[in-house]
Amino acid sequence: QLQVVESGGGLVQPGGSLTLSCETSGSIYYYAITWFRQGPGKEREGASCISNADGNTKYYTESVKGRFAISRDNNANTAYLQMNDLKPEDTGVYYCAAFPRALGCTLRPSNKGHWGQGTQVTVSL
């Protein structure tokens with residue numbers, strides 16, 4: 001069982017930046033990684049995903065394109081989400097999920113993977 005732990009959340013002012021980390025208990029080489037988020041009164045949505053291995057495929061939901069960047073470090077068993085120019089509507093709990101190769105880089109939530117407990121991101125003055 002792969003354990004997944006997110007970190008790096010916190011309070012940041014609009015226009016600021018945060019980098020989230022997704023640390024795992026084992027190799028993520030063969031896993032695609034997706035960052036999801038859920039804001040107050042909103043449904044959970046996929047923010048970004050990266051394909052397994054070299055991470056040659058990356059997807060971003062329209063609202064974060066040009067502001068967020070997903071990456072992975074297989075040697076460190078860690079994936080990252082760099083968030084720039086943060087807006088109040090980015091506020092929410094951010095979750096990391098590791099999905100098998102068969103599922104690939106997807107922004108659709110699925111129970112066929114390993115999920116973390118989430119980290120809170122609050123964008124406010």
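This short talk walks through the salt bridges, strand pairings and aromatic pairs of one protein structure. Keep in mind that the model is predicted.

Let's start with charge. Side chains of opposite charge can pair when their charged atoms come close. How many salt bridges does a search of the whole structure find? The count is 5. I'll take some of them in turn.

Begin with Arg37 and Asp90. They form a salt bridge, and their closest N and O atoms are 2.8 Å apart. Look at where the partners sit. Arg37 belongs to strand β4, residues 32-38. Asp90 lies in the loop between β8, residues 78-83, and β9, residues 92-99.

Arg67 lies in the loop between β6, residues 58-60, and β7, residues 68-73, so the pair with Asp90 ties together parts that are 23 residues apart in sequence. Arg67 also counts as buried, at 10% relative accessibility.

Which residues do the shared partners join into one network? They are Arg37, Glu45, Arg67 and Asp90.

Now a salt bridge elsewhere. Lys65 pairs with Glu62, and the closest N and O atoms are 3.1 Å apart. Lys65 is partly exposed, at 47% relative accessibility. Glu62 is exposed, at 60%.

Now set aside the neighbours within four places in sequence. Asp90 is then in contact with Arg37, Arg67, Phe68, Asp85, Val121 and Val123.

Next, the strands. Strand β8 has β3, residues 18-24, as an antiparallel partner, over 6 bridges. One point to find on screen is Thr19, whose bridge partner in β8 is Gln82. Strand β8 also runs antiparallel to β7, again joined by 6 bridges. Here Arg72 stands opposite Ala79 in β8. How many residues lie between β7 and β8 in their hairpin? There are 4. Asn77 sits in that turn, with a positive phi of about 55°. As a reminder, in a regular strand the side chains alternate between the two faces of the sheet.

Last topic: aromatic rings. A pair of aromatic rings is described by the distance of the centres and the angle of the planes. The count for this model is 5 aromatic pairs. Take Tyr29 and Tyr30. Their pair is edge-to-face, 5.0 Å centre to centre, with 80° between the planes. Tyr29 is partly exposed, with a relative accessible area of 36%.

Then Phe36 and Trp115. The ring centres are 4.7 Å apart and the planes meet at 25°, so this pair is stacked. This pair also links distant parts of the chain. Phe36 is in strand β4, Trp115 is in strand β10, residues 114-115, and the two are 79 residues apart. Phe36 is buried, with a relative accessible area of 0%. Trp115 is partly exposed, at 24%.

Which residues form one aromatic cluster? They are Phe36, Tyr95, Phe99 and Trp115. One member of that cluster, Tyr95, has a charged neighbour. Arg44 lies over the face of Tyr95, at 4.0 Å from the ring centre.

To recap. Arg37, Glu45, Arg67 and Asp90 make one salt-bridge network. Strand β8 pairs with β3 and with β7. Phe36, Tyr95, Phe99 and Trp115 make one aromatic cluster.

Conventions. Residues numbered from 1 in each chain as written. Predicted model: local features only at pLDDT ≥ 70, side-chain atom pairs only at ≥ 80, totals over all residues. Heavy atoms only, no water. Salt bridge = Lys/Arg side-chain N within 4 Å of Asp/Glu carboxyl O. Buried < 20%, exposed > 50% of the residue type's maximum accessible area, 1.4 Å probe, protein only. Pairing = 2+ DSSP bridges. Phe/Tyr/Trp six-rings, centres within 6.5 Å; stacked < 30°, edge-to-face > 60°. Lys NZ or Arg CZ within 6 Å of the ring centre and 35° of its normal. Contact = heavy atoms within 4.5 Å.
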